[in-house]
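Hi,

Here is the structure I promised to pass on.

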Amino acid sequence: MSTLQKENTIILDMGSAKKDDIKDLQYGEGRLFKRIARAIEELKQSGEVAENAQPVIVVVKKKNDKDW
């Protein structure tokens with residue numbers, strides 16, 4: 001499946017994270033939330049995204065082979 005990236009699309013790969021950090025992110029707090037906020041702020045300051053850019057955060061968990 002191919003997806004075209006629109007001009008205002010921001011995709012951040014935050015790498016792996018601990019379960020507790022992901023849980024905190026769901027409540028809008030914690031390490032991951034701060035890292036994402038800092039990255040968005042840097043993009044705004046550099047002019048790569050609009051000042052009023054609104055991030056959408058999606059957390060995806062990799063399925064284990066046992067889940068099948």
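**What I found**

The chain has two helices and zero strands. Keep in mind as you read that this is a predicted model. Of its 68 residues, 15% count as buried. The chain exposes about 6700 Å², and carbon and sulfur atoms supply 49% of that area.

**The core**

Which residues make up the largest nonpolar core? There are five in all: Met 14, Leu 25, Leu 32, Ile 36 and Ile 40. Helix α2 gives the largest share of this core, with three residues. As a bit of background, nonpolar side chains in soluble globular proteins tend to be buried together.

Leaving aside neighbours within four places in sequence, Leu 32 is in contact with Met 14, Ala 17, Asp 21, Ile 22 and Leu 25. Two of those names, Met 14 and Leu 25, are also on the core list. Leu 32 and Met 14 sit 18 residues apart in sequence, with 7.8 Å between their C-alpha atoms.

Ile 40, another core member, touches Ile 10, Leu 12 and Pro 55, again not counting residues up to four places away in sequence.

**A buried lysine**

Then there is Lys 44, found in helix α2, which covers residues 31-46. What is the nearest side chain of opposite charge to Lys 44? That would be Glu 41, 5.0 Å away. Lys 44 is buried yet has no salt bridge, because a salt bridge needs a side-chain nitrogen and a carboxyl oxygen within 4 Å. Setting aside residues within four places in sequence, Lys 44 is in contact with Val 49, Ala 50, Glu 51 and Ala 53.

Finally, Phe 33, Ile 57 and Val 59 make a nonpolar surface patch of about 230 Å². Val 59 has its place in the segment after α2.

Cheers

Note on methods: Residues numbered from 1 in each chain as written. Predicted model: local features only at pLDDT ≥ 70, side-chain atom pairs only at ≥ 80, totals over all residues. Heavy atoms only, no water. Helix = DSSP H or I, 4+ residues; strand = E, 2+ residues; numbered from the N terminus. Buried < 20%, exposed > 50% of the residue type's maximum accessible area, 1.4 Å probe, protein only. Areas by Shrake-Rupley, 256 points an atom, 1.4 Å probe, with all protein chains shown as cover. Lys, Arg positive; Asp, Glu negative; His and termini not counted. Contact = heavy atoms within 4.5 Å. Patch = residues over 30% accessible without salt bridge, like charges linked within 9 Å, V, L, I, M, F, W, Y side chains within 5 Å. Core = buried A, V, L, I, M, F, W, Y, C linked by side-chain atoms within 4.5 Å.
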